[in-house]
Amino acid sequence: MRKNLLSSIIAQLILLVFVIIWIIPTFGLFVSSFRDKDLLAVSGWWTSLTTTQVNEIHRTLNKDAQIQENNIYMIKANIFDIDKGKKITSFGITSKNINQFLIEEKATLKDGSELTVSENGEYIWKSQIPFKNKKGKRIFITASSPPNFTLENYKEVLFKEGVGQAFLNTLTVAIPSTIIPLIICSFFAYALSWMRFFGRDTLLAVIIASLVVPLQMSLIPLLSIYNDIGALFNVSSKSYPGVWMAHTGFGLASTTFLLRNFIKSLPHEMIEAARVDGATHYDIFTKIILPLSIPAFASIFILQFLWVWNDLLVGLVFLDQVPSEIIITAKLRELLGSRGENWEILTTGAFVSMTVPLAIFFLLQKYFIRGLVAGSVKG
Amino acid sequence: MSKTTKLALAFLVSVLFFNANVNAEAYSGPDLSGQKVTISGPWLAPEDGYIREIAAIFEKATGATVEYGGSDSFEQQIVIDIKAGSPPDLAIFPQPGLAANMAAIGGLVPLSDDVKNEVLNNYAAGQSWVDLATYPDQNGNDQFYAIFYKVNVKSLVWYSPDNFEDNGYEVPTTMEDLIALTEQMASEGNTPWCIGLGSGDATGWPATDWMEDIMLRTHDPSVYDMWVSNEMPFNDPKVLEAMDFFGSFALNDKYVNGGSKAVATTDFRDSPNGLFSSPAECMMHRQASFIPAFFPEGLEAGVDYDFFYFPAYSTKDLGKPVLGGGTLFAATNDNQATMEFVKFLLHSEPNEHWMAKGGFLTPHKGADLSKYSSDTFRKLGEILTGATTFRFDGSDLMPGAIGAGSFWTGMVDYTNGKSAKDVADAIQASWDAIK
Amino acid sequence: MTIFSLVLYVLAGILVCILYYHISNFLLDFFAKKDSKDSSIRAVIFIAPAFIVLVIFILYPVFETIRLSFFDKFDREFVGINNYIWAVNDPEFRRCILNNLGWLLIVPTLSTFFGLVIANLADRIWWGTIAKSIIFMPMAISFVGAGVIWKFVYDYRGPGDQQIGFLNAIIVSFGLDPQAWITIPIWNNLFLMAIMIWIQTGLAMIIFSAALRGVPKEMLEAARIDGAGELKIFTSIIIPYLQQTILVIWTIITIVVLKIFDIIVAMTNGQWQTEVLANLMFDWMFRGGGDSGRGSVFAIVIMVAVIPIMVLNIYRHKQEQKI
Amino acid sequence: MKDRSKEDEVADININTVNKYFGDVHVIKDISLDVKSQSFTVLVGPSGCGKSTMLRMIAGLEDINSGTISIDGQVVNDLPPKERNIAMVFQSYALYPHMTVFDNMAFGLKLEKRSKDEINERVQEAARILQIEDYLQRKPKQLSGGQRQRVAIGRAITRKPKVFLFDEPLSNLDAALRVQMRVELAKLHDELNATMIYVTHDQTEAMTLADDIVVLDEGIVSQKGSPMKLYNTPSNLFVGGFIGSPKMNFIKSTIISKNNDSTEVNLFESSKLTVPKISDISSEGDQVQIGIRPEHLLVNQEGDASWESKVFVVEKLGSGTFLYLEKEGEPLVVEAAGDSNIKVGDTVKIGFNASRCHIFDNSDQAFQ
């Protein structure tokens, strides 16, 4: 049994290594999504779990804020706008030496005025003569920042105008874009498996070939067709039914391929028995195949849903980028804006958009596995 | 294309620059209730907000509705939409080259002579703006297609006055001084430059601005024109020289924040942040007039940051060249509301509205200069008025496959260690391939 | 639009689809002569919607692309095979082919292999289900999201600066210089492939983990009695037994990889010699005004590249028909 | 329930020069066959002989390339299965796994839109006949193999078809159950009085169940007739070898001479044998095979011919003993008495009567 124990430990270790490697990137994203956006771009997410040292520049108030006490002119305030628990350890008054002074130490400026900074960010700047500076003096601080997590990013992403609507829009796109191909392809797959008609094998070959048609190259020809149809009926060429059909088209090959694998794996005698029992193909499909294919449907539902939910390109091309139609991925891109690389929106947004597919995956996981097995294990 | 390039005429900025013809009238337009204008463009936050505010003025005045959709892959998307025949009503092109291509496939609607005349009359150096927006249509006939709205000046170096003061640096006025200052900074342990070429689909373009500015400072403007039109091949020694000059900054690990490896991986929107970090990660950042929009929040122009003119050599008799660029509005559908919106943009009100928001320059003579958000923008005038040569962004005038393709990627390859010769050869090869 | 109208919209869309089948089949049952054979009209009813979609969304664009590849960039002049000649001589194209080959060799192989190993390990460890969920999680993340996640891994800051990229943080903690991972030619391809492997392993693992349950216990027991170690059992019993499954997974991942596009756009946009065919196609088709002729050539290369995989699968299908 | 008259529940089946190709493979070659109403006909043959295809063509599950099949005088070539008034029981039972036993049996009736009461009544009756009343609410998964088989048969019974088709229904059962079900099927046939066509590769099933056996070989009918007729007078070598267990022994031989009512052949190298059977087409010197069943070889007894052989293997079955021997290169199986004490290595005397043996000519046809 010794050998067994050893091999079990080795197995656990190997698996642990895989799990750690696999989860680190996502975990990093998760932690990052709760971090202060200023910190995101300057320190690694792993540092957020500990107290970290930060360097910041703040500016004192200018001459307008000075008060006079006993012939001494003073500017007093706190350099932090909001208290986030940062503790200043040292400070400086020039960019050449940013931690020249410890807290409460008196820094003497060129003009003879004196500046002290406390741990909590309060500073006093004293001078014998009135302050004349129009702009405040820069104070460079080195502070220790405690682990600081915030829901700000989520608030920003979730409650920003239009995100809720975009979520609904995406569901409006995703649900029919998942179910319609499932319906159409299941009939198709059934016909390919159990009906005899001219050109069946050729059609199957075409389906397999279609698996690789790159989506990008279809965009222009398709959009032209859409425009022609739109012009014909005098309706907008970009609409929800249009995007449903587009997703149906792009998902057709893989959905049919997987469903056919499954439906073909059902025992043929059962289908013949039903035919002898007097069932038409439609009866067989609805009363026998459909109930038995639920696991396969579940797994293909998940795959197609994942694809549609995470899609950006089709949504961009086949829907107008207006609030009533914009999808969540496009909305997140819009939120990202051009203001730097907004890591906080990226991280949070990625996490928010992940939740729905993950929830669906965990809900349907049981069926998912069963469905895939039948479809692929049996050659 | 070559025709357009030739139209990249010099126009003196004294003309571009403001005259005091104040036109304070509010815009009023015809009743367009029930009509809709859709606009798509590359602007995302915060600029999308400004264009929407401007659209709101139009909506209020005419009763039409305006919808703006921004996308960071606008340049691909507009091609898809136009080719498929479902474009928006108006497209905001970030560069004339793409607009010219779209005109060539019949994707744009020519603007009326009224509009053309208004540009001629109301824009400083109106003829130049008209020429830059005149392209052959699908039948090869030249047509006027677009109006420039929101222009920028590129030959600027941004810095933190406080940092300069702390270190005792002086703003350089000649290229020699700038090079000396760069060396001095490096020798004192400071990093002189922040350079970032990252820009998603358009990664590499900031380096093309460097190249163009350098070309204007090392050679005669006519050489620049020949280079842009490819009458002088891209792998000409003069171009290689300019590239190596850029390399003397960008490829020197001591001169650039993060070392040369960081140049191409840093996003252009992130890179100026080094000016404002503690301690300062770099001292200077060469970028166009729009860049303050990407500075950290809460910074104040003239206090926390300032800029100086990217100087010319005192020893070369090339004067003070200035490089500029701009975005253009082109109509992609012909309808009343769309054409009215184009006219509306030529009114002073929308110009003044954005002037007040910052990050915006206009050649519109009717706009009230006092509406500019800060002295900083007024100061741009000094640079412009002091300029002896003005050139439009060359990469924007090159064919899309070069100016928005191999030139960008070539510069990325260059910062990644490929030799100037190899890079230039490859760019020239791609140019030959589309001829 | 309100939630209510969206719900209505969705329901209407799905209902139309269902009603089509129901009503057409009902009509067929009603009108078709009682004694005729379950007629071929029904086959048409079953196939028609999918077939129409297939023609419009796949076949038509394919033929359009083939046509475009023989025309100039504005789709005006017939240029024969000039676009193809140009492509063959284009160094970028050749690099893409090499990169694609690298992707095709490495990603499906490693994803399949890791998937198999993980499935095999996870099935006999009590926390295996949790492990499997974690490994599968990347499947649920969009490519854009994956791009963000991996930027936090590969991010580069200059030496001396604080690293926010995980990989560089590790390197630096060992006292080495940080690397700009995604800019190192050739190697950067591997770093991008790692992302794809990270995503696809989950799919492979899920399928394998299900397939493993089909391995007859008697066979494993027989092997143990014969004195085979766990490793030996894995290599000489489990792998050969799952041959068919391995082929299926390998095919699925290969097809995904052949179309690889989003990750590269998100991470490098094809710079630093990481370009692949789909990127090249997209760039030529849409960038800077677009050249539909040359773009189409690359699309066709991608489609041609799949022929061997298709033949393999059709051959497999034929075999399966025989049994 | 309507009183069933025999005319409308039983049927003649006429198969007329039917051909079937799978691609290039000609699987059914010009088969013509009549199945009498109310008979229990077994199609038997080795795998690949076309027996299942034949059955499936009758059921309407396979198209017919040429020829006609008629049930009760009506040509059904182009009728779908449901309109042929047949029911079929499959080898794998082919139950619907997601339905209860009741629903499985009621499926066909529901499709015919029968009333609830009628469905209930018919299912209950079938369940009673098959003694599966207790399982009606279970799913197939919860049943044993034998029970599933009953459900499959029950599903056929409820529909009251004119013709029952069985496609190797017992081959998935273990030996004991198979015997039991065999008996029950025979009883069922008596009870229902319906026409039944039964496909099997097991000649024991064929012998025990059939009124008529049709032996199929490579797409043609080898011989048709009652079980005993096939046993006693196989019309060719194939049928001779196929019917009977253990297999008939075959000994190579040549014709020495022939006359009007018998033929003289040589037996092994040294002896001769006169068999009271003749063939018109054979002549002296032709190669033939002598066929003799193991149960017709006599141990330690004299017959029309006899010789001595050494025993290699002894199989004791209790009721009998099989001896495996060899003579001049020809392997032979002999059935001896159950209490025989012959051991391996013993030399025994073997003999047989000429009337018990069959002669097959060089085209494998039997002498009459």
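This is a predicted model: local features need pLDDT of at least 70, side-chain atom pairs count only at pLDDT 80 or more; totals for chains, interfaces and linings use all residues.
As for the domains themselves, each is built from two stretches of chain B: 14-152 + 325-377 for domain 1, and 156-322 + 396-434 for domain 2. Their C-alpha centres sit 28 Å apart.

Helix α3 (residues 47-62) and helix α15 (residues 348-355) of chain B have axes that come within 10 Å and cross at roughly 145 degrees. The crossing of α3(B) and α15(B) is right-handed. On the α3(B) side, the residues that meet α15(B) are Tyr50(B), Glu53(B), Ile54(B) and Ile57(B). Facing them from α15(B) are Glu349(B), Pro350(B), His353(B) and Trp354(B). By class, that contact comes to five nonpolar residues, two charged and one polar.

Now to chain A, which has 13 helices and nine strands. Its radius of gyration is 32 Å, while the globule rule gives 21 Å for 379 residues, so chain A is more spread out than a compact globule. Along the principal axes, its C-alpha atoms fill a box of roughly 110 × 75 × 30 Å. Even so, 51% of the 379 residues of chain A count as buried. Sequence separation can be looked at too: among contacts in chain A between residues at least 6 apart in sequence, 72% join residues at least 24 apart.

Chain A is split into domain 1 (24-49), domain 2 (51-146) and domain 3 (154-376). The C-alpha centres of domains 1 and 3 of chain A lie 33 Å apart, and the two are in contact through seven residues of domain 1 and six of domain 3. On the domain 1 side, α1 and α2 (37-40) of chain A each supply at least two residues. Here α1(A) gives the largest share, four residues. The class count for this side of domain 1 is four nonpolar, two polar and one charged.

Chain A meets chain C as well, with 82 residues of chain A in contact with 85 of chain C. Several helices of chain A give two or more residues to this side, including α1 (2-33), α4 (163-194), α7 (240-265) and α13 (343-376). The largest share again goes to α1(A), with 15 residues. The chain A side that touches chain C has 59 nonpolar residues, 23 polar and no charged ones.

Ser253(D) is part of strand β11 (residues 249-258) of chain D. Is Ser253(D) buried or exposed? Ser253(D) has 21 other C-beta atoms within 10 Å, and because 20 or more count as buried, Ser253(D) is buried. Leaving out residues up to four places away in sequence, Ser253(D) touches Val265(D), Asn266(D), Leu267(D), Val288(D), Gln289(D) and Ile290(D). Ile243(D), on the other hand, is ten residues from Ser253(D) in sequence and 22 Å from Ser253(D) in space, C-alpha to C-alpha.

Definitions and conventions
Residues are numbered from 1 along each chain as its sequence is written. Chains are lettered from A and ligands numbered from 1 in the order in which they are written. The radius of gyration is taken over C-alpha atoms; the globule rule is 2.2 Å times the number of residues to the power 0.38. A residue is buried if 20 or more other C-beta atoms lie within 10 Å of its own, exposed if 12 or fewer, and partly exposed in between; C-beta atoms are placed from the backbone. Ala, Val, Leu, Ile, Met, Phe, Trp, Tyr, Cys and Pro count as nonpolar, Asp, Glu, Lys and Arg as charged, and the others, Gly among them, as polar. Axes are lines fitted to C-alpha atoms, for helices over the stretch in contact, and angles run from 0 to 180 degrees between N-to-C directions. A crossing is left-handed if the near helix is turned anticlockwise from the far one by less than a right angle, and right-handed if clockwise. Domain bounds come from an automatic or database domain assignment.
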